[in-house]
Amino acid sequence: MKVLIGGYTKKTSKGIYELPFTGEDNGAKLGKAENIISVGGPTYFQKDGDLIFTINNAGDKGGISVFKLGEHGSSEVDRYLTPGASPAYVGIDREQKLIYAANYHTAVLSVFHYNKSGKLELLDQVTHKAETLGPRPEQVDGPHPHFFDETPAGNLVSCDLGNDTVDFYRLENGKLHHLAQYKNEAGFGTRHIVFSKDGNYFYVVGELSSKINVVKFNEDTWDFENIATYKTIPEDFTEHNGAAALYISKDGKYVYNSNRGHNSITVFKINDDHTLSLVQRISTFGDFPRDFNWDADQKYVVAANQNTDNATLYIRNGGNGTLTPIQTEIPVPEGTRVLFTK
């Protein structure tokens with residue numbers, strides 16, 4: 001098992017790094033980070049076999065690049081770049097060979113198809129318009145989609161930080177069709193979303209509010225019911241915080257999010273009525289944890305700290321959801337995306 005970490009390339013980072021994973025249980029550890037893909041600003045990426053689909057910040061252009069991994073390094077097989085900023089998020093459907101990209105700065109959502117060699121074909125794009133923009137300084141300049149991926153029923157969903165909205169789409173005959181919209185409270189800063197195991201609820205995190213909103217919904221009738229909202233940080237924490245990544249355990253029992261500023265991962269238990277109960281807030285032992293992730297068995301968790309150039313390895317208790325740090329101060333530069341791989 002290995003861990004891939006990519007992020008900004010503003011200081012010393014050259015792109016995407018691979019860290020070997022050795023040992024088991026409390027003796028597990030990550031080895032030295034080795035640069036395997038040189039690319040500008042791979043702040044988010046996905047993997048399908050030996051193909052890596054990554055954000056590429058190429059100076060005055062930005063977009064998606066595809067790299068093929070081999071025994072003797074990596075090679076770029078395709079790219080789709082346009083003038084302006086690069087996307088913030090990349091989603092993937094490995095069965096249908098689809099890539100979804102959300103561009104925070106240009107407000108563009110894109111869908112690509114790729115073939116087995118990694119060649120990209122742009123299918124469709126939509127641009128979010130300014131609706132009822134939120135009141136925060138990060139919102140008044142326009143819409144800012146920060147997530148674009150699939151729903152349990154195979155539709156698509158985006159989270160828009162500027163508009164405080166969750167927007168649902170259908171991809172039909174290669175074209176995107178808007179289906180429905182859920183509106184978060186003003187200033188929420190809608191960023192990432194996960195869905196309950198039964199597909200009848202979603203949990204959406206607000207970057208600007210440091211809150212998780214629990215919503216009951218019907219993906220046939222597009223009815224939404226606001227159930228409850230929870231702070232991801234302590235009520236008495238007054239410094240700046242930006243809630244970031246959001247994950248749900250595959251058994252549907254726990255939700256996790258990272259907090260940039262409070263520099264922690266928050267663990268919530270999902271109750272039988274889909275409300276949340278706080279289980280744990282644990283340090284990431286660094287500054288600005290944009291992303292964290294787990295292995296296929298969800299036994300180990302790695303968090304990347306962007307500003308302090310380090311990562312932390314935890315072991316996860318599947319019974320009560322808690323995280324226990326087993327290795328801190330793992331050197332890796334400017335990390336914002338974590339992905340376990342074989």
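In the predicted model, Lys-97 is found in the loop that lies between β9 (89-93) and β10 (98-102). The phi angle of Lys-97 is near 55°, and this value is positive although the residue is not glycine. Most residues other than glycine have a negative phi. With a relative accessibility of 26%, Lys-97 counts as partly exposed, because the partly exposed class lies between the buried limit of under 20% and the exposed limit of over 50%.

A positive phi, near 55°, is also found at Ser-210, likewise a residue other than glycine. Ser-210 belongs to the loop between β18 (201-206) and β19 (211-218). The relative accessibility of Ser-210 is 3%, and the residue therefore counts as buried, given that buried means under 20%.

Turning to the pockets, the largest pocket has a volume of about 1300 Å³. This pocket is lined by 32 residues, of which Gln-46, Arg-94, Tyr-247, Asn-293 and Trp-294 are the closest to its centre. At least two residues of the lining are supplied by each of the strands β5 (45-48), β9, β13 (145-150), β17 (190-195), β21 (242-248), β25 (291-294) and β29 (335-341). By class, the lining of the largest pocket is made up of 16 nonpolar, 6 polar and 10 charged residues.

The second largest pocket has a volume of about 480 Å³. Its lining comprises 25 residues, and those closest to the centre of this pocket are Tyr-8, Ala-88, Tyr-104, His-105 and Arg-290. In the lining of the second largest pocket, 7 residues are nonpolar, 12 are polar and 6 are charged.

Strand β25, which is among the strands that supply at least two residues to the lining of the largest pocket, also takes part in an open sheet of 4 strands, arranged in the order β25-β26-β27-β28 with antiparallel pairing. The edges of this sheet are formed by β25 and β28 (323-331), each of which pairs on one side only. On average, and with direction ignored, neighbouring strands of the sheet are turned by 20° against each other. Within the sheet, strand β26 (residues 300-305) and strand β27 (residues 310-316) run antiparallel and are joined by 6 bridges. Ala-304 has Ala-311 of β27 as its bridge partner.

Key:
Residues numbered from 1 in each chain as written. Predicted model: local features only at pLDDT ≥ 70, side-chain atom pairs only at ≥ 80, totals over all residues. Heavy atoms only, no water. Buried < 20%, exposed > 50% of the residue type's maximum accessible area, 1.4 Å probe, protein only. 1 Å grid on protein atoms, 1.4 Å probe; cavity = no way out; pocket = protein on both sides within 12 Å on 5 of 7 lines; lining within 4 Å. Points joined across faces, edges and corners; volume = space filled by probe spheres on them. Nonpolar A, V, L, I, M, F, W, Y, C, P; charged D, E, K, R; others polar. Pairing = 2+ DSSP bridges. Axes fitted to C-alpha atoms, helices over the stretch in contact; angles between N-to-C directions.
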